[in-house]
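Hi everyone, thanks for coming. Let me put the structure up on the screen, and then we can walk through it together.

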Amino acid sequence: MMLDETDRALLTLLVADAGQSASALGRQLGLSQPATWRRIKRLQEAGILTGRRLLLDAEKLGFGVTVFLGIKLATKGRVGMEDFERAVGGIPEVQVVTHVLGLYDYRLRVVARDLADFERVLRRRIMTLPGVGNVEANVMLSEERRPGPL
């Protein structure tokens, strides 16, 4: 699907606030509400818009620490990877699991109430996962969200 400048502007507005109505989006784009809705529907049907997400403020919910973990599996192979992925999916503090190429096999985004809570999650849950070898932790100091390229 070819995107025109209006489509790209619409996507930029939706990335900033996906909760805006078609009417409010249309006003910003100089389009009518029905024309804006048709564009949104077309982007959904093309698979470019695949849903809308609600962002929660982890810190306000009591999770003041975010840590990025690099996990290198001790044993490689299809069974080891599947076992690890299945087990890590059951840890609620792990928000994102990414299979990567490079020094580590996986990158995890983990939230915890504080450093002591993170240590508990690391020792009791993550280090006991099947196949875990080397682990590297990077504590997030700050985060700036930027929209991806359109």
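Let's begin with strand 2 and strand 3: they run antiparallel and are joined by five bridges. Before going on, a word on the model: it is predicted, so local features need pLDDT of at least 70 and side-chain atom pairs count only at pLDDT 80 or more, while totals for chains, interfaces and linings use all residues. Residues are numbered from 1 along each chain as its sequence is written, and side-chain values use heavy atoms, with hydrogens and water left out.

Helices (H or I, at least four residues) and strands (E, at least two) are DSSP runs, numbered from the N terminus, and two strands pair if DSSP finds at least two bridges between them.

Back to our two strands. Threonine 98 stands opposite arginine 107 in strand 3. The hairpin of strand 2 and strand 3 has six residues between the strands, and glycine 102 there takes a positive phi near 140°. Aspartate 105 is also in the loop between strand 2 (94-99) and strand 3 (106-112). Is aspartate 105 buried or exposed? It counts as buried, at 9% relative accessibility, where buried means under 20% relative accessible area, exposed over 50% and partly exposed in between, using a 1.4 Å probe and protein chains only.

Strand 3 has another partner. Seven bridges join it to strand 1, and these two strands run antiparallel. Valine 67 has valine 110 as its bridge partner in strand 3. Six of the seven residues of strand 3 are buried, so the rest of the structure largely encloses it.

Now look at threonine 66, in strand 1 (residues 65-73). Threonine 66 counts as buried, at 7% relative accessibility. Not counting residues up to four places away in sequence, threonine 66 touches Arg109, Val110, Val111, Asn138, Val139 and Met140; contact means heavy atoms within 4.5 Å.

How many aromatic pairs does the count give? One, by a rule that pairs rings of Phe, Tyr and Trp (its six-membered ring) if their centres lie within 6.5 Å, with planes under 30 degrees apart called stacked, over 60 edge-to-face and the rest tilted. The partners are phenylalanine 84 and tyrosine 106, tilted at 40° between the planes and 4.7 Å centre to centre. Phenylalanine 84 sits in helix 4 (residues 78-88) and tyrosine 106 in strand 3, 22 residues apart, so the pair links distant parts of the chain. Both phenylalanine 84 and tyrosine 106 are buried.

Let's finish with the helices. Helix 1 (residues 5-16) packs against helix 3 (residues 33-45) at an angle of about 85°, with the axes 11 Å apart. Axes are lines fitted to C-alpha atoms, for helices over the stretch in contact, and angles run from 0 to 180 degrees between N-to-C directions. Thr6, Asp7, Leu10, Leu11 and Leu14 of helix 1 meet Thr36, Arg39, Ile40, Arg42 and Leu43 of helix 3.

Threonine 36 lies in helix 3 and is buried, with a relative accessible area of 0%. Its contacts, leaving aside neighbours within four places in sequence, are Leu10, Ala22, Leu25, Gly26 and Leu31. In helix 2 (residues 22-29), Ala22, Ala24, Leu25 and Gly26 are buried, and what covers the buried residues of helix 2 includes helix 1 and helix 3. Helix 2 is followed by glycine 30, with a positive phi near 75°.
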